[in-house]
Amino acid sequence: FASRLPGQAHFLTAKDCLEAFEFFDQDGTGLMEYPEMQGAFNRMLDPAKVDISAYEGQSFTPAVFRTTAEWCHRNFPQYNVAGNLMKFIKENREKADDDDADITDKELKKLFNTYDRDRSDQMSIQELIGVWKYLRLPFNLIMDARAMDGSVSFEEFCGIIRDINAAHPELDVDEKINTFVAGLGAGPPDINTAPDQANDSAGAVGDEDPPKKKAFLVGINYVGTSCELGGCINDANNQKA
């Protein structure tokens, strides 16, 4: 069971809060209104009746649900909110015969469909890199052979993400992607803008410290294929100079 202890920053992982939220999000929009969420909390914490009227008028994404659950845990310790929520999630996971995958196909499909705007079942390499950059994960890991034709199918996308998650547990890829998906109900973020870009541009740059630009260079020769090229890697290396 993936939940964390209440003493840590989040006692629910992003996967936990997605599972609990989706149990009540019958239309699958990733968004619920206050009356629905109050009913969900009453159901999850039964027989306790926790009042979340402090959030009245707010729309709830899975991410806001986690914030609300942690607020309730702090403000209503007598109801053991953390323990009861984790019990509810575990019981319903067992009923659903969940395979306990770190990142489910359902969540990956939500992410994939968000940026596969033409519904072609293909995500471009630019979009894939944009998502990866937004999640602040190392570029070199996403340069997979499955993406070298310029796009990836959903099946290839799942394989790439899960391979990286398995090989690099220290990066918390599963938690970052589930957290990303948990916020999609409020609208997809612009993956062309890094999360801290606004903060980076806030400080003034003096004459003695001229602006710097960075470039991401890719040289692909398609070695071993029927369309092998010769010189692309050299061109990329020359640009570095």
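Residues are numbered from 1 along each chain as its sequence is written, and side-chain values use heavy atoms, with hydrogens and water left out. Because the model is predicted, local features need pLDDT of at least 70 and side-chain atom pairs count only at pLDDT 80 or more, while totals for chains, interfaces and linings use all residues.

**Exercise 1.** Describe the pattern of helices and strands that the protein chain follows.

Step 1: The protein chain has 11 helices and two strands, where helices (H or I, at least four residues) and strands (E, at least two) are DSSP runs numbered from the N terminus.
Step 2: Read along the sequence, these elements give α-α-α-α-α-β-α-α-β-α-α-α-α.
Step 3: Of the 241 residues in the protein chain, 40% are buried, that is, under 20% relative accessible area with a 1.4 Å probe and protein chains only.

**Exercise 2.** Work out how the buried residues of α5 are arranged around the helix axis.

Step 1: The buried residues in α5 are E107, L108, L111, F112, T114 and Y115.
Step 2: Viewed down the axis of α5, these buried residues fall within an arc of 160°, so they line one face of the helix; the arc is that of the directions from the helix axis to the C-beta atoms.
Step 3: The cover over them includes α1, β1 (122–124), α6, β2 (151–153), α8 and α9.

**Exercise 3.** Sort the residues that line the second largest pocket into nonpolar, polar and charged.

Step 1: Of the 13 lining residues, T29, G30, K110, L184 and G185 are the closest to the centre of this pocket, a pocket being an open set of points on a 1 Å grid over the protein atoms alone where a 1.4 Å probe fits, with protein on both sides within 12 Å along at least five of seven lines, and lining residues having an atom within 4 Å of a point.
Step 2: The lining divides into six nonpolar, five polar and two charged residues, with Gly counted among the polar ones.
Step 3: Its largest share, three residues, comes from α1.

Technical notes: Buried means under 20% relative accessible area, exposed over 50%, partly exposed in between (1.4 Å probe, protein chains only). Contact means heavy atoms within 4.5 Å.
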